[in-house]
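Q: Please take me through this model, one term at a time. I want each label set against its definition.
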Amino acid sequence: MQIDKSKKVVFNIDGQIYSTYKYSSGMNTDVYHCPDNDVMIKQYKNKSFLDEIKWCHILSCAPAVVGIDTERNIVIQEFVGEPLTYKNVPDNYKLQIANIKQELIDAGCNGEDIEFCVKDGKIKIVDLGACRDGDKVERRLYDALCDLEKSIIQHSEGKEIT
Ligand SMILES: Nc1ncnc2c1ncn2[C@@H]1O[C@H](COP(=O)(O)OP(=O)(O)OP(=O)(O)O)[C@@H](O)[C@H]1O
Ligand SMILES: [Mg+2]
């Protein structure tokens, strides 16, 4: 991911200084990367950060929570890498996604809106603020796997032509 280093933002959270760069801005959150501490600072516009924290604590396939600021709706998480694409997909991605699915099923988490990131060959899920207790996991992960496989196939077809 290309980070705009001109958009530097400094946070003071519980006396700890985090020098960050704006990573993304979504409907509900602003996300900042702090490379020095290898963390993401996610600032929510609402209290759904509490759901995100809940699932991060339950699931080992989600980022570890390393800090919280309840006044400002901030969660500080370990940085779990770049978005998963055909370019960085690990060879054993099917096994890893099957394991994530099993963990979500065991935890009773529906996996709504989750996204996949990868770091050092390890896939984790992010964006758990919309996850609820439920049973829609199968469909969500099946779709994600199909999308990924489609893009891997398209890419390898492109390579053969050139
Ligand atoms: N802990 C993390 N480690 C690495 N990358 C992360 C992490 N959390 C978020 N990201 C990256 O930041 C992007 C935006 O974060 P996220 O999806 O959680 O919020 P959002 O999409 O802005 O929120 P919304 O779903 O409300 O639009 C993700 O797509 C992912 O690439
Ligand atoms: Mg998102």
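Q: In what order do the elements run from the N terminus on?
A: They run β-β-β-β-α-β-β-β-α-β-β-α. The protein has 3 helices and 9 strands. Helices (H or I, at least four residues) and strands (E, at least two) are DSSP runs, numbered from the N terminus. The model is predicted: local features need pLDDT of at least 70, side-chain atom pairs count only at pLDDT 80 or more, and totals for chains, interfaces and linings use all residues. Residues are numbered from 1 along each chain as its sequence is written, while chains are lettered from A and ligands numbered from 1 in the order in which they are written.

Q: Why is Tyr142 called exposed?
A: A residue is buried if 20 or more other C-beta atoms lie within 10 Å of its own, exposed if 12 or fewer, and partly exposed in between; C-beta atoms are placed from the backbone. Tyr142 has 12 such neighbours, so Tyr142 counts as exposed. Tyr142 sits in helix H3. Its C-alpha atom is 9.2 Å from that of Ile97, 45 residues away along the chain. Of the 162 residues, 26% count as buried.

Q: What makes a set of residues a nonpolar core?
A: Its members are buried Ala, Val, Leu, Ile, Met, Phe, Trp, Tyr and Cys residues, joined through C-beta atoms within 7 Å. The largest such core has 23 residues; Trp55, Ala62, Ile100, Ile125 and Leu128 touch the most other members. Helix H1 (49-58), helix H2 (93-107), E8, strand E9 (122-126) and helix H3 (137-161) each supply at least two residues. A second, separate core of 9 residues includes Cys34, Met40, Ile74 and Val75.

Q: Which residues is Ile100 in contact with, leaving aside neighbours within four places in sequence?
A: Contact requires C-beta atoms, placed from the backbone, within 7 Å. Ile100 meets that with Cys61, Ile123, Ile125 and Leu141.

Q: How many residues surround ligand 1?
A: There are 19, and the closest are Gly26, Asn28, Pro63, Val126 and Asp127. The test is a C-beta atom, placed from the backbone, within 6 Å of the molecule. Strand E2 (16-25), strand E3 (29-34) and strand E8 (115-119) each give two or more residues to this shell.

Methods: Contact = placed C-beta atoms within 7 Å.
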